[in-house]
Amino acid sequence: MLGVERGRAGVHLPAAVSFAICLCSLLFALPASAFPLKASDTPNDGGGSITLEWTASGPVAKEWILVRRERGGTFAPVTTIEGTVHSFRDGAVQTGVTYEYQLVAQPTNPQLDSEISAPTQAVASKFDWTKLNVLVVSGIFFLLLFFYIWQAQSGVRWTFRKIPGLDAIEEAIGRATEMGRGVLYVPGVQEIDDIQTIASMILLTKVARMTAKYETNLLVPTNSPGVYTVAEEVVKSAYADVGRADAYRSDQVRYITSEQFAYVAAVNGMMLRERPAANFLLGAFFAESLLLAETGHSVGAIQIAGTANVHQMPFFVVACDYTLIGEEYYAASALLSNDARLLGSLKASDTVKIFLIVVIVVGSLLLTFGQSWLADFFSTQ
Amino acid sequence: MKRTVPFFITLLSGLFCLVAFFVPHPWIHDSYGAVQTWAIVVVGCTYVLGVANLLRINVRQAQRREGDWIYKIVLILGLLVTMAVGFSEGNHYSDVTSRFQWIYRTFYSPMTSTMFALLAFFIASAAFRAFRIRSPEAMLLAIAAFILMLGRVPLGNAISHYIPDAADWLMEIPQNAAKRGILIGAALGVMATGIRVILGLEKAYGGGGGEGGT
Amino acid sequence: MSDFLAGLRALDRRWIFLAVGLLVIAPLLFGFHIAPVVPSHRAKGFYDAIERLPEGSTVLLAGDYDPGTRAENYPMHLAAVRQLMRRNIKIIGVELYPAGVPLADDVLRIVGAEFGKKLGVDYVNLGYKVGNELVMSSMGTSIPKTFPVDSRGVPVSQIPVMRGIENFQQIDMIVSISAGYPGTKEWVQQVVSRFHVPMVAGVTAVSAPEYYPYLQAGQLQGLLGGMAGAAEYEVLVGKPALATRGMDAQSLAHVFIAFMIVLGNVAFLGLRKPAKG
Amino acid sequence: MHLSSDIGVWIGAFLTLGIFSFLYKDNPVYKFCEHLFVGVSAGYYVVLTMISSVYPNLIQPLFTNFSHDLNFFLIIPLLLGIMLFSRFFPRGDWLSRWPIAFILGVYPALRITGFAQGDLVEQVHGTILPLYVPGDAGTTINNWLLVGGLLTTLIFFFFSKEHKGALGGSARVGIYFLMISFGASYGYTVMARVSLLIGRVMFLLDDWLGLLRF
């Protein structure tokens, strides 16, 4: 906080000086009816701009012509301003050149003109103090992030809460095994470089290991060659991990087509033919979410869905047995991956959430009692 | 060389753009402008690369007579003709009477809008076959959906002005609070991934953008 | 009764498709009117924010959508340009969807002719630029360097309306007509707070709920959601058009879908295990 | 009835109906339309990207105005853009990582600051609300709900502790807020899809068949 106060005070110092000069010139030089025109450097910008403010007392001109001169030069018009306006930002000046301004009344009436402003320069700021809050919040978050990633890399493991949808995966595969039917895994419709698809591949590892163990048929239709390559590798090595490399068949992972609805039609066809007992819809989904969930529901499969695409969540929530919502979906993949970077990030964002909750509660209480400084600190506009 | 150079390019360009956000001074800001223009151009080239790739894959599939090869030829022809017409017209491509605009209005526009119009039918059928109210949570979801569906059209207002009022309140208070929670969580996720990418801590490169699209 | 329910459960979904189709066609074809459109306070917020702009201001009009969501976005785009031109506000159009350029050209040309405005003097369309949010950020440094030419290929230095426009400091407001990514969310993130420019947004219904936090926080001055929002705004601008025409079909389809949810739950009552979790 | 005499409208209507035919079942006409759509849209994107971005922002300043305004620096993005295409040559593949690395520095940096400012800091600011507004019980209650709704939603997305006791109770409340927001999204999605269908029906009935009189 102190930083802000100091920064702002620093910016306003020349303004105060110029105001004092204005007052002096008011006393000595100009007719009494003229009003002061305050010119100061526009704060927090890259220079090239001077802010003018004025309050005209008594009668006011209909319009003003704002005139400007470099020190020692002659006045030239900048713009025309309506009489009701009280400030103007002149963005057409050069940084480091000294300017003086005056408001000239239109129609001509020297009684209504402003004083000539104190000489002012536009200054380029080295830091935009209005963005200090962004720096503070991201700084705290990133420091926590590096700290927790470092801790996780040195072997620290934290306890996390249970995620019901994650636990249900085993139950669903178990049920499919009992019923002697298969499992369908749809990894979303984005490319392999999408974060949601990557998370899906991590979850696929768990599913594939279980189906290999229980000797349940697993089908993975993909909609991009990139995802196909990775998914095949994931499933193959999962089967090998549990010692059942022989049980892996090459047609378990398939590349269908990249066309959105053609892909959906093909996957729906698979659902109707194979009648899987469990459907996993985990990844980035768009409009196809409701089509897939609808068909899966109609064939009576247990459905576990997960996506971070907010618009699609409602369709999964109403048609699936479990839905991993947004962050839950990422958290599930982080927990399964045992990757220090993902676990550290999860822990760091949890910690920042506590910080934000405290800020909101304290800020609201302060505001209730008329103290707005904490709220103001977080203002960006 | 193969790994270090890209690592430093990402690190330096990322840190520079982060700093430029906070520093308005022309020392930083002028070169920031240049860096952004460069990036725009490079992104443009990745689009061209993407289409070159699409063409390559489809030509290969058509050559091998795989599966739906006949449709791949339709795709390739559509692509090449559109490109040929567009480039031959140069800067006049945007004139209302140009052939490129004719292709846009006759082929592109009706097809893309119809693709999404299909979903109106699917949403109705999903409402019937896959909207199960079997828990208090689902009940809340359903009630909110009902109020919104009625409150956002003139019919709801004609029945009673309380319906749009309730819809407004739902949107502005409870809905808003939950969406803000999701927004904050997503922001933390994007920031964490972003800084990991810049610092080279991310194995897989994430490129996806936001939650747009349909 | 149970036979009836069993019949319902076995219903081919194509019958539902047919019903939807008929419900949408009938009100359009026979033109019957169910209820008048009454503007909401969000639509008024959008309208009033533009009304408050002084004449001669310059507005950046971002038309970030393509024909895929034309039915929702085009009517609000058209109405917004009507309000802006009626108030003699200068318009600078940009589109971050490649297929949005012809739509924006149409809107500006049609309304420009209505109000006798001249291309280049009163309005200009800078067209498409690849790069999504990068383009927005780059415009914060320099609009003429980001868009050296307009959508016709004319250099911006020769376009009168662009005279003096360097970056967002000369832009009085952003009007964002948006279908998704990149769009309103990115304009808020990259421009509104960073360069302190006020903004109003007209968006597709799918994305509208996401923007309520921005509206409440004051990052948006007004919000139009979907075709219904467009219809309300058309009424405010005083020229009911495309969106208003569609509202009766919209009402009927909504009631039908709500009915489908209820019917579906009745038909499948007790058939499935209760959900856990 | 006033049938359109424009061949373009007829083609558009054929394509619209061809895509709607998917509602009956997947069929060759639909497949034809879908592939044609992918081809035409890819061609359109390339033309637009080249003519509106690569040409005016790179080629034109570089080749017609080389020395003006430090334009010669544009050689850097030109080289980066060319390096992208080294992907097509197995041995030069590693070169294409340089331009990608550049993009991977710039975009995450933009997103970090954009999300931090717009979706984190400002949203926290927007939720700091007075918990008692004298003489306005409605706003007081709404402020409590907004603050409470956001806090409980954040608690639901809190993973470091088992959801039991007070924490579990809060998370439960958070789920209710989330469900209302999903209901709202559901309602709005229905609205969106129906609108797009209305748009297509208007095209068929009005532009093509000339049946509508308004």
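**View 1. Overall build of chain A.** In this predicted model, the secondary structure of chain A comes to 11 helices and 13 strands, where helices (H or I, at least four residues) and strands (E, at least two) are DSSP runs, numbered from the N terminus. The radius of gyration of chain A, taken over C-alpha atoms, is 33 Å, well over the 21 Å that the globule rule gives for 381 residues, so the chain is more spread out than a compact globule; that rule is 2.2 Å times the number of residues to the power 0.38. Along the principal axes, the C-alpha atoms of chain A fill a box of roughly 100 × 45 × 40 Å. Of the 381 residues of chain A, 53% count as buried, a term that stands for under 20% relative accessible area, with exposed meaning over 50% and partly exposed in between (1.4 Å probe, protein chains only).

**View 2. Domains 2 and 3 of chain A.** The domain assignment, which is automatic or from a database, gives chain A domain 1 (37-121), domain 2 (129-155 + 341-378) and domain 3 (164-338). The centres of domain 2 and domain 3 of chain A, taken over C-alpha atoms, are separated by 35 Å. Their contact takes 4 residues from domain 2 of chain A and 7 residues from domain 3 of chain A, contact meaning heavy atoms within 4.5 Å.

**View 3. Two cis peptide bonds.** In chain A, a cis peptide bond with omega of about -10° joins A:Gln106 and A:Pro107, and A:Pro107 has its place in the loop between strand S6 (98-106) and strand S7 (120-121). In chain C, a cis peptide bond with omega of about -10° joins C:Tyr181 and C:Pro182, and C:Pro182 is found in the loop between strand S4 (173-178) and helix H8 (184-195).

**View 4. Positive phi values in chain C.** C:Asn132, a residue other than glycine, has a positive phi near 50° and lies in the loop between strand S3 (123-128) and helix H6 (133-141) of chain C. With 13% relative accessibility, C:Asn132 counts as buried. C:His196, also a residue other than glycine, has a positive phi near 55°, and its place is in the loop between H8 and strand S5 (199-203) of chain C; at a relative accessible area of 41%, C:His196 is partly exposed.

**Notes.** Residues are numbered from 1 along each chain as its sequence is written, while chains are lettered from A and ligands numbered from 1 in the order in which they are written. Local features need pLDDT of at least 70, side-chain atom pairs count only at pLDDT 80 or more, and totals for chains, interfaces and linings use all residues, with side-chain values using heavy atoms and leaving out hydrogens and water.
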